[in-house]
Amino acid sequence: MTMHPRPDEVPADLDAVIAEAPADATGALWRLTGDERGLDASLVRLRPGAAVAEHAEPLLDLLLVVVAGGGRLDTPDGPRTLRPHAACRLPRGTRHSLTAGPEGLAYLTVRARPPVPDTAPATPAPAPVPSPASAEGGEPACFLNRVCPACGRPATEPVAAYCSRCGEELPQ
């Protein structure tokens with residue numbers, strides 16, 4: 001009997017996670033959870049030929065480990081072929097994109113977990129002052145199409161199609 005690992009279970013059998021996921025499941029298939037962890041990690045699967053648009057992690061280094069399939073990693077240093085068990089360290093700020101090969105691509109991303117900001121204000125916030133635009137009936141622009149539905153990370157590029165953290169397809 002195969003056990004389904006909880007998202008925060010470590011060790012997790014990533015081959016079993018991939019094998020037990022529906023064939024058409026893409027994006028993050030597994031991720032670390034819990035408030036006390038110091039790492040973010042996700043197992044991401046892309047369909048054959050799918051791509052994650054060029055992006056960069058501005059604050060943290062990223063470790064990418066190919067678990068299954070293959071593809072290509074493009075960086076300013078040039079393209080790199082990805083195959084199972086290849087590991088790549090991308091220093092913070094490195095622009096990169098991923099393209100899955102004909103078998104698709106499943107990879108693990110690992111990075112330090114950014115500190116959680118303290119959201120409790122020490123004093124009550126003052127009431128907002130209406131801007132001239134809102135007085136005229138204007139609304140601020142909606143950026144919900146740039147927020148990843150799987151992990152909640154906002155995309156930094158206005159035309160991003162996939163989340164740079166977990167690889168989930170962004171809303172259109």
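Colleague: Where does Ser97 lie?
Modeller: Ser97 is in strand 7. Keep in mind that this is a predicted model.

Colleague: Is Ser97 buried or exposed?
Modeller: Buried. Its relative accessibility is 14%, and the cut-off for buried is under 20%, so Ser97 falls on the buried side.

Colleague: Which residues is Ser97 in contact with, leaving aside neighbours within four places in sequence?
Modeller: Val52, Ala53, Glu54, Arg72, Leu73 and Asp74.

Colleague: Where is Val52 found?
Modeller: In strand 3, which covers residues 51–55. Val52 is buried as well, with a relative accessible area of 2%.

Colleague: How far apart are the C-alpha atoms of Val52 and Glu168?
Modeller: They are separated by 9.0 Å, although the two residues are 116 residues apart along the chain.

Colleague: What about contacts across the whole chain, what share joins residues 24 or more positions apart?
Modeller: Among contacts with a separation of 6 or more, 62% are between residues 24 or more positions apart.

Colleague: Let me step back. How many helices and strands are there?
Modeller: The chain has two helices and seven strands. In sequence order the pattern is α-β-β-β-β-β-β-β-α.

Colleague: And how much of the chain is buried?
Modeller: Of the 172 residues, 38% are buried. The chain exposes about 10,600 Å², and 59% of that comes from carbon and sulfur atoms.

Colleague: Which residues have the most contacts inside the largest nonpolar core?
Modeller: That core has 16 residues, and the ones with the most contacts inside it are Leu46, Val66, Leu73, Leu82, Leu98, Leu105 and Tyr107. Strand 2 (39–46), strand 4 (62–75), strand 6 (87–90) and strand 7 (96–112) each give two or more residues to this core. There is also a second, separate core of eleven residues, with Leu32, Val67, Leu108 and Val110 among them.

Colleague: Take Val66. What does it touch, not counting residues up to four places away in sequence?
Modeller: Val66 touches Leu82, Arg83, Pro84, His85, Ala86, Leu105, Ala106 and Tyr107.

Colleague: Where does His85 lie, and is it buried or exposed?
Modeller: His85 lies in the loop between strand 5 (78–82) and strand 6. It is exposed, because its relative accessible area is 70% and the cut-off for exposed is over 50%.

Colleague: What is the phi of His85?
Modeller: Near 75 degrees, which is a positive value in a residue other than glycine. Most residues other than glycine have a negative phi.

Colleague: How many of the lining residues are nonpolar, polar or charged?
Modeller: Eight are nonpolar, three are polar and four are charged.

Colleague: Last one, Glu57. Buried or exposed?
Modeller: Glu57 is buried, with a relative accessible area of 9%. This residue is found in the loop between strand 3 and strand 4. Leaving aside neighbours within four places in sequence, Glu57 is in contact with Arg92, Gly93, Arg111 and Arg153.

Note on methods
Residues numbered from 1 in each chain as written. Predicted model: local features only at pLDDT ≥ 70, side-chain atom pairs only at ≥ 80, totals over all residues. Heavy atoms only, no water. Core = buried A, V, L, I, M, F, W, Y, C linked by side-chain atoms within 4.5 Å. Buried < 20%, exposed > 50% of the residue type's maximum accessible area, 1.4 Å probe, protein only. Helix = DSSP H or I, 4+ residues; strand = E, 2+ residues; numbered from the N terminus. Contact = heavy atoms within 4.5 Å. Areas by Shrake-Rupley, 256 points an atom, 1.4 Å probe, with all protein chains shown as cover. Nonpolar A, V, L, I, M, F, W, Y, C, P; charged D, E, K, R; others polar.
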